[in-house]
Amino acid sequence: MTSATTSDVKLVVAISSRALFDLDASHQVFETQGIDAYCRYQIEREEEVLEPGVAFPLVKKLLALNELLGERGQVEIILLSRNSSDTGLRVLNSARHYDLNVSRAAFAGGSSPYRYVAAFGAHLFLSTDPSDVRLALEAGCAAATILPSRVERKSDGPLRIAFDGDAVLFSDEAEQLFRAEGLDVFNASESAAAHEPLSAGPLKAFLLALHQIQALFPAQDPPLRTALITSRGAPSHERVIRTLRAWGIRIDEALFLGGLAKAAFLRAFAADIFFDDQEIHCDAARAHVATGHVPHGIANL
């Protein structure tokens, strides 16, 4: 058992077992043969180590920050699973095999584990199940569906996290206007409201927690970098910059693409994960980086 930290600076990420490990074969047994066969399958193989899943490299880099933080702060990974504790033992055994410090978990026994996101104080919930993610978002928790991706990611170097803006970090109020009235009206409105901060989007609290962890490291050559990679361009960039300033959040890189495709810029940034609300952007991004779809706002109605 791991004792609780006394640190005031903490980043807590909740992650589903299917995001952390490759459970496709197990899930196929469940889909084709039912719950009893699935339980037997997992129990019989509970000493067989699972292969890493799509979010595994991200989790490794997140936990590696603890070695650098010492007593100044802590990154914690919470395992949330639809498994029972019986069938979930294989997942915890695999985490131990890979030296992942996962000391807290919830096994929901077939139910959605989303209701434990807030109870654990998680700043973000990552799952491969879109319905669980939507339930978490509706409950006011930051969440994203991590999409299948076979991209090889480097295990060394700084952790790099990239975000879209509207409907992710910010509300979708501006996106609604753009879709209803077009680009010219959108730009005119954003210019007029340049000094009015945008409302918070679903991942603002996660970015704030990242910022607080970042602040514990020197600004030069930090082990964690963030980027805003948005389709916005001039003149709508000003409101975004002033919003982040009003929130007191430092973001390391900001790319205002003016409608250009994001994939090449995500590769250039070398993102470990990218969050976007629009499925079309997520599908393009996941060929190059791990990608989390945030099913929020007008693009997901």
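Helices (H or I, at least four residues) and strands (E, at least two) are DSSP runs, numbered from the N terminus. Just after one of them, helix H11, Gly248 takes a positive phi of about 70 degrees. Welcome to this predicted model, in which local features need pLDDT of at least 70 and side-chain atom pairs count only at pLDDT 80 or more, while totals for chains, interfaces and linings use all residues. Residues are numbered from 1 along each chain as its sequence is written, and side-chain values use heavy atoms, leaving out hydrogens and water.

- H11 spans residues 237–247, and its buried residues (under 20% relative accessible area, with exposed over 50% and partly exposed in between; 1.4 Å probe, protein chains only) are Arg239, Val240, Thr243, Leu244 and Trp247.
- These residues lie on the same side of H11, because they cover an arc of only 130 degrees around the axis, taken from the directions from the helix axis to the C-beta atoms.
- An α-helix has 3.6 residues a turn, so residues three or four places apart point the same way.
- On the face turned away from the buried side of H11 sit the exposed residues Arg245 and Ala246.
- Packed against the buried residues of H11 are helices H8 (173–181), H9 (183–192) and H10 (204–214), together with strands S7 (224–230) and S8 (253–256).

**The nonpolar cores**

- A nonpolar core is a set of buried Ala, Val, Leu, Ile, Met, Phe, Trp, Tyr and Cys residues joined through side-chain atoms within 4.5 Å.
- The largest core has 69 residues, and Leu100, Phe163 and Phe275 touch the most other members.
- Helix H4 (residues 56–69) gives this core its largest share, 7 residues.
- Another core, of 11 residues, lies apart from it and has Ala162, Phe269, Ala271 and Val289 among its members.

**Phe56 in helix H4**

- Phe56 is found in H4 and is buried, with a relative accessible area of 9%.
- Leaving aside residues up to four places away in sequence, Phe56 is in contact (heavy atoms within 4.5 Å) with Ala19, Leu20, Phe21, Tyr98 and Leu100.
- Asp36 is 20 residues from Phe56 along the chain, and their C-alpha atoms are separated by 28 Å.

**Helices H2 and H3**

- The axes of H2 (residues 24–33) and H3 (residues 35–44) come within 7 Å and cross at roughly 150 degrees; axes are lines fitted to C-alpha atoms, for helices over the stretch in contact, and angles run from 0 to 180 degrees between N-to-C directions.
- H2 and H3 are therefore roughly antiparallel to each other, a term for angles over 145 degrees.
- Ala25, Ser26, Val29, Phe30 and Gln33 in H2 meet Ile35, Ala37, Tyr38, Tyr41 and Gln42 in H3.

Key
Parallel < 35°, antiparallel > 145°, perpendicular 65-115°, else oblique.
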